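Trainee: I have a protein model on my screen and I'd like to learn how to read it. Could you take me through it, feature by feature?

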Amino acid sequence: MILRFDRTSFTVAVFLLFVLVLLATFGAQLGWIRSWAGDVLATIWLYFVFKSVIEARLAYLVFLAFGFGVAIELAQYLTVYFNIAISNRLLRIVFGATPD
């Protein structure tokens, strides 16, 4: 694993972030499609974020992004299970509120 900057991966990550922001702000009426597509796109976005700064084997980066996605879903589940309310609007948007 080597730290370095990959411009192409960074460009893809910025584009996916733009799509995620659009989906989070304007996709409220899409229901489960918004939450499912948002989760999938967020995991792909994490992969490209990691790939833009880390040079490693493909499997390592995929499992790293997937692990973060699972951790976020687990955190969402635990907030619902323990009835924890996130009062910060930005954090609710970034981390999501519905475990899928």
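Mentor: We'll go from the overall layout to a few single residues.

Mentor: Keep in mind that this is a predicted model, so to speak of local features we need a pLDDT of at least 70, while side-chain atom pairs count only at pLDDT 80 or more and totals for chains, interfaces and linings use all residues. Residues are numbered from 1 along each chain as its sequence is written, and side-chain values use heavy atoms, with hydrogens and water left out.

Trainee: How much of the protein is buried?

Mentor: Buried means under 20% relative accessible area, exposed over 50%, and partly exposed in between (1.4 Å probe, protein chains only). Of the 100 residues in this protein, 21% are buried.

Trainee: And what does the surface consist of?

Mentor: Accessible areas come from the Shrake-Rupley method with a 1.4 Å probe, and for residues only the protein chains shown count as cover. The protein exposes about 7,300 Å², with carbon and sulfur atoms supplying 74% of that. Look for a nonpolar patch too: patches are made of residues with over 30% relative accessible area and no salt bridge, with like charges joined within 9 Å and nonpolar side chains (Val, Leu, Ile, Met, Phe, Trp, Tyr) within 5 Å. Leu-30, Trp-32, Ile-33, Trp-36, Val-40 and Ile-44 form one, with about 610 Å² of accessible area together. Trp-36 sits in helix H2, residues 32-53.

Trainee: How many salt bridges are there?

Mentor: The rule is a side-chain nitrogen of Lys or Arg within 4 Å of a carboxyl oxygen of Asp or Glu. That gives one salt bridge: Arg-4 with Glu-55, whose closest N and O atoms are 3.4 Å apart. Arg-4 is in the loop between strand S1 (2-3) and helix H1 (7-26) and Glu-55 is in strand S2 (residues 54-55), so the pair ties together parts 51 residues apart in sequence. Arg-4 is partly exposed at 26% relative accessible area, and Glu-55 is partly exposed at 41%.

Trainee: What about Asp-6, which has no salt bridge?

Mentor: Asp-6 lies in the loop between S1 and H1. Asp-6 is buried, and the nearest side chain of opposite charge, Arg-4, is 4.1 Å away. Contact means heavy atoms within 4.5 Å; not counting residues up to four places away in sequence, Asp-6 touches Lys-51 and Ser-52.

Trainee: Which residues does Met-1 contact?

Mentor: Leaving aside neighbours within four places, Met-1 is in contact with Ile-54, Glu-55, Ala-56 and Tyr-60. Met-1 lies in the segment before S1 and counts as exposed at 67% relative accessibility.

Trainee: What is the phi of Asn-83 near?

Mentor: Most residues other than glycine have a negative phi. Asn-83 has a positive one, near 55°. You'll find Asn-83 in the loop between helix H3 (58-81) and helix H4 (89-95), exposed at 70% relative accessibility.

How values were computed:
Helix = DSSP H or I, 4+ residues; strand = E, 2+ residues; numbered from the N terminus. Lys, Arg positive; Asp, Glu negative; His and termini not counted.
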